[in-house]
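I opened the structure to look up its salt bridges and its helices. My notes follow in the order I made them.

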Amino acid sequence: MNQEKLIQLLGELPAAQVIGEIPQGSDLTSEALDLVINQVADRLVVLEEEIQKTAQVSPNRAKQERCHLKSQKHQLQYRQEKMRQYRSQTEIYGTRNSYLKTDHDATFMRVKEDPMGNSQLKPAYNL
């Protein structure tokens with residue numbers, strides 16, 4: 001879902017058109033996102049200069065575009081961080097379905113029921 005939202009967000013950005021059209025289902029890399037974020041930051045610098053030159057103009061289109069680009073830049077950075085976090089988590093758990101944050105070797109398993117008849121998932125080792 002993160003990939004889909006990233007592709008949708010990149011489709012809305014004019015800076016992403018420099019890289020080219022990103023096909024559906026392609027694997028986005030962190031380096032490609034860094035490139036797009038840097039292009040957006042460069043465009044924000046240009047917009048700041050335009051705003052300084054035309055400070056008295058109202059409504060100022062450059063201010064509106066700057067606001068829109070800032071929000072998209074923050075969304076891109078958030079999605080990039082989520083992508084990095086997801087990849088690190090998949091490296092940790094590998095072929096298993098889960099892992100503990102404190103003990104990467106343990107997984108959640110359904111263990112013996114307590115006297116009340118409640119079965120719970122608890123961290124355990126599968127020897």
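**Entry 1: a first pair**

I began with the side chains of Arg66 and Glu48, which meet in a salt bridge at 2.8 Å, N to O. Arg66 sits in helix H4 and Glu48 in helix H3, so this pair ties together parts 18 residues apart in sequence. I note that the model is a predicted one.

**Entry 2: the other pairs**

How many salt bridges does a search of the whole structure find? It finds four.

I took Glu65 and Arg43 next. Their side chains meet in a salt bridge of 3.1 Å, N to O. This pair links distant parts of the chain, with Glu65 in helix H4 and Arg43 in helix H3, 22 residues apart. Glu65 has 30% relative accessibility and counts as partly exposed. Arg43 is partly exposed as well, with a relative accessible area of 30%.

Then I checked Asp34 and Arg84, whose side chains form a salt bridge at 3.7 Å, N to O. Here too the pair links distant parts of the chain: Asp34 belongs to helix H3, Arg84 to helix H4, and 50 residues separate them. I find Asp34 partly exposed at 31% relative accessibility. For Arg84 the value is 38%, again partly exposed.

In general, side chains of opposite charge can pair when their charged atoms come close.

Which residues do salt bridges with shared partners join into one network? I get Arg43, Glu50 and Glu65.

**Entry 3: helix H4**

I turned to the helix that holds Arg66. H4 runs over residues 61–93, which is 33 residues. I tested its length.

I looked at both ends. At the start of H4, a side-chain oxygen of Asn60 comes to within 3.2 Å of the backbone nitrogen of Ala62. Just after H4, Gly94 has a positive phi of about 55 degrees.

Which residues of H4 are buried? I list Ala62, Leu69, Gln72, Leu76, Arg79, Gln80 and Met83. Their cover includes H1 and helix H3, residues 30–53.

**Entry 4: helix H1**

H1 is part of that cover, and I looked it up next. The helix takes in residues 2–12, and Asn2, Leu6, Ile7, Leu9 and Leu10 are buried there. Why do they fall on the same side of H1? They cover an arc of only 165 degrees around the axis, which puts them there. On the other side of H1, I find Glu4, Gln8 and Gly11 exposed.

**Entry 5: the whole chain**

I stepped back to the chain. I count four helices and two strands. Along the sequence, the pattern reads α-α-α-α-β-β.

The chain has 127 residues, and buried ones make up 24% of them.

Last, I took the surface. The accessible surface of the chain is about 9,500 Å². Carbon and sulfur atoms account for 51% of that surface.

Conventions. Residues are numbered from 1 along each chain as its sequence is written. This is a predicted model: local features need pLDDT of at least 70, side-chain atom pairs count only at pLDDT 80 or more; totals for chains, interfaces and linings use all residues. Side-chain values use heavy atoms; hydrogens and water are left out. Buried means under 20% relative accessible area, exposed over 50%, partly exposed in between (1.4 Å probe, protein chains only). The arc is that of the directions from the helix axis to the C-beta atoms. Accessible areas come from the Shrake-Rupley method with a 1.4 Å probe; for residues, only the protein chains shown count as cover. The expected span of a helix is 1.5 Å times one less than its number of residues. Contact means heavy atoms within 4.5 Å. A polar contact is a pair of N or O atoms within 3.5 Å; within protein, one must be able to donate a hydrogen and the other to accept it, and residues adjacent in sequence count only if both atoms are side-chain atoms.
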